[in-house]
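Visitor: I'd like to walk through this model with you and ask what stands behind the words. Could you show it to me?

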Amino acid sequence: MEWDRRTLLGAAAMLAAGPPARAAGSAPAEPETIDLWPAGPPGAPTPLPAERIVQRSADPRISDRFVEHVARPRMAVFRPARANGGAVLVMPGGGYVRVVIDKEGHELGRWLSARGYTVFVLFYRLPGDGWAAGPDVALSDAQRAMRLIRHRARDYDIDPARVAAMGFSAGGHLCADLATRFAHPAYAPVDAADALSARTVVAAPIYPVIGMRAPHAHAGSRAQLIGQGADEALEDAHSPHLNVSAETPPTFLVHAEDDGAVPVENSLLLRAALRAKGIPVETHLFARGGHGFGLRGAAGTPASVWPELFLAWAKTQGLG
């Protein structure tokens, strides 16, 4: 069989992209899951939110799901064939009203695990569902997830000192919130895992929501997180760029200049705050890409290179 240059390039692209889309009529393979809270999540409303998974894709070959009203916070685990010792906690977006499953979650899990990382995709509780922790409820789950990953590091053949965090859009806000407020007492300890640090070794907020004030705040995420009438003190408490400290980890930022949902100024606010504290920060701003591109949506735009840029940077930080 003869292979021309176009065929070879196409084959290489398929290999780089990871597993193919599922066949028509088949269900996506579901990964192992870890529940975050052994006795159920704290501060539950009565009744519990009615969790629901919604499929947005009209193409049976491609899954594009989200979960809303998360009642069972959990992590989906993607194990590599050969672990490199590094782990990534991935926090998908969804405007704090839902959590994306595939585009910013499972797809990243498969892509990163194919490159040696053990990946934990977090499905966190949402602040509009009446949990007692209010605006800190998603942070509670993110802190607990980091501690559980470290507590079970031996089970997954990972180095507990090499656990990173990555988040997208509102999940990027959660990632930055975790990076800046990892020591904030967002919940009462429940077991031995909670004696461990929730600090991530590096953070990668991708097209993140950061500021909670106009004109750069993402109105929907702000309203869901802190409410329409939040005062300045509440805005500041949940604006990660105002909570950067000397303990904030090195950070990798990605944003598109033409993002029409979350203005690029959000990443610039965080970058400036990190630089002011002397925290290493790598920033990639792309002319085109829009919002919510994840992996598949970046194809054909300048932003398509961001995953490889992250891998190269992660190695310089000792993650890979």
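**Terms and values**

Guide: The protein has eight helices and eleven strands, where helices (H or I, at least four residues) and strands (E, at least two) are DSSP runs, numbered from the N terminus. This is a predicted model, in which local features need pLDDT of at least 70, side-chain atom pairs count only at pLDDT 80 or more, and totals for chains, interfaces and linings use all residues. Residues are numbered from 1 along each chain as its sequence is written, and side-chain values use heavy atoms, with hydrogens and water left out.

Visitor: Which residues of helix 8 are called buried?

Guide: In helix 8 (residues 306-316) they are Trp306, Pro307, Phe310, Leu311, Trp313 and Ala314. Buried means under 20% relative accessible area (1.4 Å probe, protein chains only), so each of these six names falls under that limit. Their cover includes helix 2 (102-113) and strand 10 (251-256).

Visitor: Why is the lining of the largest cavity described as having no charged residues?

Guide: Asp, Glu, Lys and Arg count as charged, and the lining has seven nonpolar and three polar residues. Among the lining residues are Ala176, Thr180 and Leu270. Helix 4 (170-181) gives the most, with three residues.

Notes
Buried means under 20% relative accessible area, exposed over 50%, partly exposed in between (1.4 Å probe, protein chains only). Contact means heavy atoms within 4.5 Å. On a 1 Å grid over the protein atoms alone, a cavity is a set of points where a 1.4 Å probe fits but cannot get out, and a pocket is an open set with protein on both sides within 12 Å along at least five of seven lines; lining residues have an atom within 4 Å of a point.
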